[in-house]
Amino acid sequence: MYRRTMVALLAGSALGAVRLAAETPAEIRISAKKFEFHPNKVTAKAGQPVVLVLTSMDRIHGFKMPDLGVRTEIVPGQETRVSLLPTKAGSFTFFCDVFCGDGHEDMDGTLIVEA
Ligand SMILES: [Cu+2]
């Protein structure tokens, strides 16, 4: 998924300045800490590329969004950037999949993709 998205972005950028401007990814910053993501509700538009910029304030957390094929770890002290191109509208859940203590099960959020 990640690789395919990058290829799509590169192809888009070769098509000229107007197209490039239209496809400049929107950055969505999400920070993680025990036991929440902040913000835990973010919004994107279908057909427009976004970059998730993930950081952790305390320890390693996971970030998994199964419906969009996203799975990564968030390591304190660095930014984890995930490029994606949501193609269909909907509500997609993401959650921490690295056990981080009591409350881990409640550590989730939602990406709303608007049509
Ligand atoms: Cu966790």
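Student: What should I know about the numbering and the model before I start?
Tutor: Residues are numbered from 1 along each chain as its sequence is written. The model is predicted, and local features need pLDDT of at least 70, side-chain atom pairs count only at pLDDT 80 or more, while totals for chains, interfaces and linings use all residues.

Student: What is the mean pLDDT of the protein?
Tutor: pLDDT is the predictor's confidence in each residue, from 0 to 100. Here the mean is 88, and 81% of the residues reach 70 or more. Treat residues 5-16 separately: pLDDT stays under 50 there.

Student: Which residues have the most contacts inside the largest nonpolar core?
Tutor: Such a core is a set of buried Ala, Val, Leu, Ile, Met, Phe, Trp, Tyr and Cys residues joined through C-beta atoms within 7 Å; buried means 20 or more other C-beta atoms within 10 Å of a residue's own, with C-beta atoms placed from the backbone. The largest core has 19 residues, and I30, A32, L52, L54, F63, L84 and L111 have the most contacts inside it. Strand 4 gives the most to this core, with three residues.

Student: How many bridges join strand 1 to strand 4?
Tutor: Strands are DSSP runs of E, at least two residues, numbered from the N terminus, and two strands pair if DSSP finds at least two bridges between them. Seven bridges join strand 1 to strand 4, and the two run parallel; A26 stands opposite V50 in strand 4.

Student: Which residue of strand 2 is the bridge partner of A32?
Tutor: That partner is F37. Strands 1 and 2 pair in the antiparallel sense over three bridges, and a hairpin joins them through two residues.

Key:
Two residues are in contact if their C-beta atoms, placed from the backbone, lie within 7 Å. A residue is buried if 20 or more other C-beta atoms lie within 10 Å of its own, exposed if 12 or fewer, and partly exposed in between; C-beta atoms are placed from the backbone. Helices (H or I, at least four residues) and strands (E, at least two) are DSSP runs, numbered from the N terminus.
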